[in-house]
Every structure is written in C-alpha cells, then in structure tokens.
Amino acid sequence: MIDHVERLHLVVIGNGMAGCRAVEELLARDARRYRVTIFGAERHVNYNRIMLSPVLAGEKSFDDIVINDADWYRANDIALIAGDPVTAIDRASRTVMSRGGRVVHYDKLLIATGSDPFIIPVPGAALPGVVGFRDMSDVDAMLAAAERGGDAVVIGGGLLGLEAAHGLSLRGMKVTVLHLMPTLMERQLDEAAGWLLKSALEARGQTILTGADTAEIIGADAVEGVRLKDGRVIPAQLVVMAAGIRPNTALAREAGLAVDRGIKVDDHLVTSDPDVLAVGECVEHDGQVYGLVAPLWEMCRALADGLVGQPSGYRGSVTSTKLKVSGIDVFSAGDFAGGDGAEDIVLRDASRGVYKRVVVRDDRLVGAVLYGDTADGAWYFDLLRKQEDIAGLRDVLIFGQAFAQGGGQADPRAAVAALPDDTEICGCNGVSKGQVIACIGNGAASLDAVRAGCKASASCGSCTTLVGQLLDLTLGEAVEAGPKTMCKCTSFGHDDVRREIVAQEMRSIPEVMHKLHWSTPDGCSSCRPALNYYLLCALPGDYRDDQQSRFVNERMHANIQKDGTYSVVPRMWGGITTPGELRAIADVVEKYNAPMVKVTGGQRLDIFGIRKEDLPAVWADLNAAGMVSGHAYGKALRTVKTCVGAEWCRFGTQDSTGLGVKLERGFWGSWMPHKFKMAVSGCPRNCAEATIKDFGVICVDSGYELHVGGNGGIHIRATDLLVKVATETEAIHYAAAFVQLYREEARYLERTAPWIERVGLAHVKDRIVEDAAGRDALAARFWHAQTFSQDDPWAERAVGKAREQHAHMAAFNPIRVEEIA
Amino acid sequence: MTGEWLDIGWLEEIPVRGSRTVPVDGGEEIALFRTGDDKVFALVNRCPHKGGPLSQGIVHGHSVACPLHNWTIALATGEAQGGDRGCTPIIPVKISGGRVLICRASTLRAAA
Ligand code: SRM
Ligand SMILES: Cc1cc2nc3c(=O)[nH]c(=O)nc-3n(C[C@H](O)[C@H](O)[C@H](O)COP(=O)(O)OP(=O)(O)OC[C@H]3O[C@@H](n4cnc5c(N)ncnc54)[C@H](O)[C@@H]3O)c2cc1C
Ligand code: SF4
Ligand code: FES
C-alpha cells in the first residue's frame, strides 16, 4: 500500500493529450512523489486527438485511438474524474471546484485545458447542425449527419478543415470548403503548394471556394445553408467550423493568473503562481502559442523535470505539419519567411505532381514545403532542428537525402556524369541521356539546339538543369548561350511560355509557374506582369486579373511621379473636348490643389500632383462630367490623335476627326503587350503625325491608307504601309485584326515597331491582308475580348473598389498616443 | 494603450503580395508589406535610390521592386539587392491574434 497522506497531491485539469503525457513523464521519473487526480470534461479515457480525422474518415475506430485505457489509470493509482469539468480554481485555499460540486485540494495544480474551436461570430452560428471539430462528440455529430447524407459546408481551409472535408466526403456527403484566404493552408504552404492541393481536392469532388467570406448561417430551426458576403448561398445541412482555435484560458483568467493569448508560463511551465503549472495548447511560452502535438511532448519533458526537482527548461519548438488526407502528401516545416540573406531552392516536377521548396540562410536550412513527395520531410526537419551546416550539400539538397548522401555525389556534375546512358533525362518526351549526348555530338551546342534536336527539356523544362550539365560535360567552354529567357525565374523564353499557356490550357499564374518549373516561389517583377497579360489575352472574360502582378501605374490607374504623387489624364475622344469637360478639369485642379495642368503630346490634358488618397474623389468628379480613364498609364490604347480633317480644313479629304473618335471608342480598354498609339490625318500633310504611330491612318481622296509599326520614341521608326482600303468600316476592321495579331504574338513590353522588325512586315501582311478568313477571325477575337474590357476602372474605384490601394491602413500620431498614455 | 507595440490593424487588410501605408505625423510614412507566404514586413516607405514609394512596387518572394526605377529591396533588411547599394530603415513588426503590430520606438525613431 502506498501512503497517500505522505505524498503531495497533483491535480490535473484536462484529460487530453498534454495533461496525460505530463503525468506519464512524471511517473517515468518518480512514481512515488505525487498522488494524481485528473479532471476531464469529456466522458472518455485519454485518446489521441489527432486521430479523430482517420476516425471520421472511417479508417480507424475509437478503440484504435485510445492512448491510456482504464487499466492504466488503475495501475498507476490515478483518480480519473471524467465528465465533470472544473469550474473554478481558488488559489488562496488551493482548491478546485467542479460542476458536479466536488471540491478538491491540491499541492500542485496542472492546467491542461487545450483549446476550443473558434466559432466565427455570424448570425446563425448557434443553430443545430453547426459543429466544431475538436473532440469525439463532434465526430459523433458529424457521423450522424453523414448518415442522413446531403450537403456539408466546412468553414476554414486549414489542416483541420481539410481533414474534416476529406472525412465527410468519404462518408458520402457533398462537401464545400469555404476559405477566407486566396490559398489553402496559407500558414503552412506557399501559394504554389496551396494551388496544387486545391486542384487535387477538387479532382476528388470537393468544391473549394477561396476568398469566401461567410456572412451568415441560414436556417429556421436547423442549418439550411451558408450565405457569403458576396451574396452566394451554399445549401448545407451540416456546417463544420474549422476557422481556427482559441486557447482555453477562462479558468486561469478567472483565477487571476497572468494570461495573454494563452496562460503565461516560464521555461519550467510554471504560471504566475508557483504552485500552478500549465501545459499544452492553452499556454503561451515566450510569446508563442502552439497548435500541434510535437511542442507538447517537449513541454511535458521540461515540466516533469521541474516537478521532480531537476529543472531542465523548455526553449520553444520548431514545428512541422503533415496533412492527414490519404493519397495527398503535404509537408511543411519551419519558417519560410527567409529574410536576411535567405535563398529559395525550388524543384518542380509537374509530370509527377511534385513541388519542393527549401529555404536556406547562412548555410542552414530554415524552412521546407513539400507537395506530392514528402519522403524527405523528416530529413529536412532534422537538418532544420539541428541547424546543421549544409554548405556541402547545398547544390543537391533539393534532390533529397538519397541523392545528397548517395555515395559522396555532392558534385551534381559528377552525379550526372555517373548516370548510365539509358537513364531517362526528359520524362515528357522520353529522351535518354545517350540520346541527349548523341544530339550534342551532332552539333547541338546550346540548350535551344538540344530542344530542337531531340526534344529534351522542350516541354515542361524540369530537366533543363540536367541538359545544361550534359552540355557542360560534353562541350565545356564551347556551349553557346541560348536566346534570352523571360527572366531569371525560368529557362523558357516568352514565346515558349505563351505557346504552352495556350497548348496546356493554363488558367492561373501559379499554374504556369508550376507546370513550367519556375525556380522562384512567386516569380519576379519581370515575369509576373508578363504572365498576367498572357493569361488575360488567352482567356478573355475568364481570367481574373492579378492586381499584385501589375506595375504601379496599372494597379493605381494613374501615372506615378518622382515625388510619389500621381498624374491623372482623362480621355478626350479623338482630341475633342467640350466646355463642360474643361470646366470639370479646371474644378478638379483647383479643388485638389493640383500644382500643374498640362496639354500633353497626345492631345489631352494631364493633371499633376494628385495624392493617392485623393484619386478616387478626383475620378468621381471627372466621371460626373462624363469623363473616363485615359489609360495614359497602361499597356493599352493611349490616345488617338487626329487633325481637323474634311470638316474644317481646306485640304481635308475625309472626316479624320470622326474616324479617330470611332477608333478610340472601339479600342479603349484593351490590354496589350505595350502601349499602343493611333492617329488619323486628314491628308498626306499628316498633321496628326500618323506615320510614327502603332496604327496610323492617312486619308486620301480615294479612301484610307493604313500604316503600322511606327514609333516616335527612343528609336524613331516611320510606319510601313499595310494596305489601302476604301471605307471607314474596312479601316476599323483591319485595325481590329492588326491589334489582335499584335496582342497574340508580340512579347510583353514589345512595341509594334520592334515586333514588326522581328517578325517581318511580310508575315503581318500574310496574316492580315492576304488571308481574309484569318483577318475576320482575328477581328472577331478582338471584339469578343473587348466585350469584357470596356469598364471604366475609375468609375469602379470612385465607388469604393480596391479601397486598400488608396487609403492608409492607419495613421500614427506620436503626440496623440502619448496623451492617451 | 501604448506599450512597446502599435496596433495597426488586421493582417487581412494588407493584400497578399501587396502593401499598405501608415503615415506618421511629423515623420516618414511606413509601408507594411505582406508576402505570398503570408509574412509581414515594415519599412520606411522610401527607396534608398531616389526616394520612390516602395509600397507601390511589385512584391515578389521577400523583396519589393521599387516602382520608380525597379531597384530590388530586400524586405527583411531594407537593403538594395544586386549591384545597387543603399538601405531603407526597417521597423520590427509582429502578428498577434491576427493583428499587425509595429514597434513604437522604431517608428518614432524613423519619424525623427
Ligand atoms: C504626358 C506625356 C508628355 C507630355 O507632357 O506631353 C508623356 C509622358 C510620359 N511618357 Fe511619353 N508622354 C507623352 C507622349 C509621348 C509621345 C508622343 C505621342 O504619343 O505622340 C511619345 C513618342 C511616340 C511614341 O510613343 O512612339 C512618347 C514616348 C515615350 C516613351 C518611349 C516609347 C518607345 O517605344 O520608345 C516612353 C517610355 C516607355 O514607354 O517605356 C514614355 C514614357 C512616358 C512616361 C509614362 C514616363 C514614365 O514612365 O513615368 C511619362 C508619364 C508622365 C505622366 O505622369 O503623365 N513616353 N511619349 C505625353 C502623354 C500623351 C498622352 O496624352 O497620353
Ligand atoms: C481533428 C484533429 C486533428 C489534429 N491533427 C493533428 C496532427 O495531425 N498533428 C498535430 O501535431 N496536431 C494535430 N491536432 C492538434 C492536437 O490534437 C492538439 O495540439 C493536442 O491535442 C493539444 O493537446 P492539449 O492537451 O493541449 O489539448 P486537448 O488534447 O484538447 O486536451 C484538453 C482536454 O481538456 C479538457 N478540458 C477543457 N476544459 C476543462 C475543464 N474545465 N475541466 C476538465 N477538463 C477540461 C478537454 O475536454 C480536453 O479533453 C489535431 C487536432 C484535431 C482536433
Ligand atoms: S520625354 Fe517623356 S519620359 Fe522623358 S522626361 Fe519628358 S515626359 Fe518624362
Ligand atoms: S527611387 Fe527606387 S529605384 Fe529609383
């Protein structure tokens, strides 16, 4: 018999993962020092909470996930009071009170109350049918709902939400996941991995709505659906709230212990009261609150060391995450914030569906994200936690442990040289090492020549590095540099990327970056705007423009000036204005103290010095007078310059002003590879300077001469005559075909002049003059795209769209804050 | 409420791969950046080259490309990358309970 009176009494609140593990650790060190009582709110013995997901999915039963059964409590003489939660702590008398009326004295108290699901405060959140995902009773509620079938909505696309969605969908429910952020599991995964995950879940029949903000849960007596802030309603008989967790700190707070986000503990898990300890998800250590089990294990060790008088100390944890959805492998660890001197190493293998990214700083691994192949997760995590020096592995790190440590092949070239001849180098086109070497032997001396010769690395590009190494090995110094790649993020040039976007029907920037093996996580300021344009051009009406991939002027719809203010240029169709417009402009100049208003070289007025906060108001005033954005900032139609023409001029042959207005009205708003300028002159005296424009019209007695490819900028170039037509209608039709050809074929930031020099006037004539059907098809595609692009961007913003681009987030007034203090 | 940290607002108010600004009375504006992997950085909103408003640049990785002449500035250190030389002051920032907090003292120092 053990003598109870002699021993100190340890009372534990919370029969969960941390509470019981702490007791286990204590028993392992000294089984005789404490008498233990555990209070548990749940009616169960201690079970493995993380395995609730496989229970929901039907892969495990409750019995499978029990950690300590009733025998364990009995054998260790632990009093378990299950189903009777503690309701108060009285530190003065060192007692705890339970709901059932028990009052128990303690010598040491351990709080291990875990967390509660965060229930987002929307109307209807308390309706029957709304559940969290935290304990066995939640799983029981979900299983009962699944039994009845129907629709389920899971709010939250993090680890918990996705595991709930997976389980419910295996149980036969039609599941929609609502996620507030643009990508899934954004705390653990970068955008590329989040995108892959979303595609994989969608392929399994789940509906994933990102950027979905819940407004209300609707239903009379029970849940009937969820209404989003954008008005959409998703029917549901079950709503699972998985929008996050909140440390369960109420007891501690009421007892007067120091609590911030969690219960504050020191390195020995002691709270602000030396006799009260706390452990698990309910605590805050060194400013950190954890939501995973690994830190609990480390905390419990330090806690037990402290309880037996051999303090060791807990120093915080590095965490890693794995998603428990069978068939989908996702791993993330550490901090991928990088920062000071951090470097990303990215490997993408689209054919295998693999994405890997490791972040290295000062020769140490600091973070890793793996998708599709997580075999090396543990190895990376180990390197990360031990802060091992990886300088020697740097070049091969991304290939994983087997490669990096396989027989001292830390030199990638040696590794490639050692590959047998029949090793497949290019998976997409089935090209072996021997075939690549043979191709190089036959005279291919550059990456491009190899791509043309044997197709290796011509599709997804993931083997580009290998092909490059084979070139190096075979030719050494004699390797020729290829044509320019789009930027340092890819080995492909603009034309290749565009061709693949269309051929593989790609729909988003992350998809392009993944399928074409971008070497950076989210591109750079060169490739992102280009990709955004290529997708926009390929998918009119369908593609959602990525504002963050636009240069400042196109994002702000105004031209930035050297002092950070903006200039505003409203459209003046064909250079014609009215007293009303001039008055409105004059009013704006005065009202917003614009320091200057100037007539531009493009026949309109430019208002300078507007602050970004004032832009929406300025636009509202200009809109009110009927004026819209002049796109003076855009890779888009700028002005259509005109002369007075036949209406007034004694030499005028046609209505040049009228045609200019028609062109500007038809073509404004269209996004292009670069800016695009037009002009119409009423006679060959050419007062509108039509022969240095991208598209210029010279009116003559017998009709209209159409000129293309002019430029008055850095390298002046006079236009080429494309064709002469008889009517205005034909002139506009040819203009549409020409603009569309330019939109589809020119590289981003290539004006028409260098484009025509590159492809040749003959090519342009072939497509537009010789090929009547082709001309019609081009024009048809242009007008189709225009149906989606002629919304005035100023009008949308004047009424509040993209407010975050203009308004400050907060203001800091040092003096006023001091006063509040 | 003063303390060490200034509460600026919800993390969600900063667009992903975007930026928001905080003017400082009598001092220089602060730019808060949120990167693709959801990290937040705060810098004085001034390019070391010719003072361009960094908040208006394209954010990629943990860098921003200045909107005026395309210098690349590392968000963590404020240092110009590549061949360019110069540094923008940074301000310690942290996220707590979804709120963005910046260091008061550094903000004041940047303001002075
Ligand atoms: C305002 C204006 C000057 C003026 O006060 O008259 C102007 C101002 C700028 N031009 Fe221009 N250009 C202006 C007419 C021109 C013209 C004349 C014309 O269009 O008839 C040309 C030569 C014609 C041509 O483009 O072929 C011209 C050739 C350029 C170039 C060189 C383009 C080239 O292909 O070589 C640039 C640089 C660029 O685009 O990369 C440029 C760039 C610029 C930028 C956008 C510089 C910049 O990036 O900040 C200036 C913006 C100032 C602002 O905030 O508004 N501007 N620029 C003219 C606006 C016309 C309009 O109403 O939209
Ligand atoms: C479905 C699911 C899947 C998960 N998957 C993973 C995973 O894959 N990997 C991972 O690392 N982590 C995972 N987690 C998180 C992990 O389960 C938690 O980090 C861990 O359980 C926290 O342990 P804890 O002891 O602090 O809290 P809990 O395990 O929640 O224990 C707290 C206990 O205290 C009880 N309690 C609360 N208040 C009182 C009171 N007043 N009186 C008496 N008892 C009280 C609660 O009922 C509960 O039983 C998952 C969690 C869930 C819900
Ligand atoms: S010519 Fe154009 S780009 Fe050069 S200073 Fe004048 S407006 Fe600016
Ligand atoms: S001011 Fe930033 S690059 Fe010139």
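Which side chains meet in a salt bridge at 3.6 Å, N to O? I looked this up and found Asp37(B) and Arg357(A). I count a salt bridge when a side-chain nitrogen of Lys or Arg lies within 4 Å of a carboxyl oxygen of Asp or Glu.

**Ground rules.** I am working from a predicted model, where local features need pLDDT of at least 70, side-chain atom pairs count only at pLDDT 80 or more, and totals for chains, interfaces and linings use all residues.

**Interface of chain B and chain A.** I find 49 residues of chain B in contact with 48 residues of chain A. Contact here means heavy atoms within 4.5 Å. The two chains bury about 3,800 Å² between them, with 56% of it on carbon and sulfur atoms. Buried area is the accessible area (1.4 Å probe) that two parts lose on being put together, summed over both. On the chain B side, Arg17(B), Gln56(B) and Ile58(B) lose the most area to chain A, together 19% of what that side buries.

I get three salt bridges across this interface. I also get 16 residue pairs in polar contact, both residues at pLDDT 80 or more. A polar contact is a pair of N or O atoms within 3.5 Å; within protein, one must be able to donate a hydrogen and the other to accept it, and residues adjacent in sequence count only if both atoms are side-chain atoms. On chain B, β1 (5-10), β2 (18-22), β3 (30-34), β5 (58-60) and α1 (104-111) each supply at least two residues of the side that touches chain A. Helices (H or I, at least four residues) and strands (E, at least two) are DSSP runs, numbered from the N terminus. By class, that side has 22 nonpolar, 16 polar and 11 charged residues. Ala, Val, Leu, Ile, Met, Phe, Trp, Tyr, Cys and Pro count as nonpolar, Asp, Glu, Lys and Arg as charged, and the others, Gly among them, as polar.

**Ligand 2.** I count 31 residues around ligand 2, each with a heavy atom within 4 Å of the molecule. Ala18(A), Arg49(A), Arg134(A), Glu281(A) and Lys324(A) are the closest. Arg134(A) places a polar side-chain atom 2.6 Å from a ligand 2 oxygen. For Arg49(A) that distance is 2.7 Å, and for Glu42(A) it is 2.7 Å. Alone, ligand 2 exposes 990 Å², and the protein buries 92% of that (Shrake-Rupley method, 1.4 Å probe). The shell divides into 16 nonpolar, nine polar and six charged residues.

**Ligand 1.** I count 20 residues around ligand 1, and the closest include Gln561(A), Thr600(A) and Gly601(A). A polar side-chain atom of Lys675(A) lies 2.6 Å from a ligand 1 oxygen. Arg604(A) has one at 2.7 Å from an oxygen of ligand 1. For Lys693(A), a side-chain N or O atom is 3.1 Å from a ligand 1 oxygen. The shell has one nonpolar, 11 polar and eight charged residues.

**Salt bridges over all chains.** My count comes to 51. I noted Asp275(A) with Lys108(A), at 3.5 Å, N to O. Asp275(A) sits in the loop between β20 (263-265) and β21 (276-278), and Lys108(A) in strand β9 (residues 108-111), 167 residues apart.

Note on methods. Residues are numbered from 1 along each chain as its sequence is written. Chains are lettered from A and ligands numbered from 1 in the order in which they are written. Side-chain values use heavy atoms; hydrogens and water are left out.
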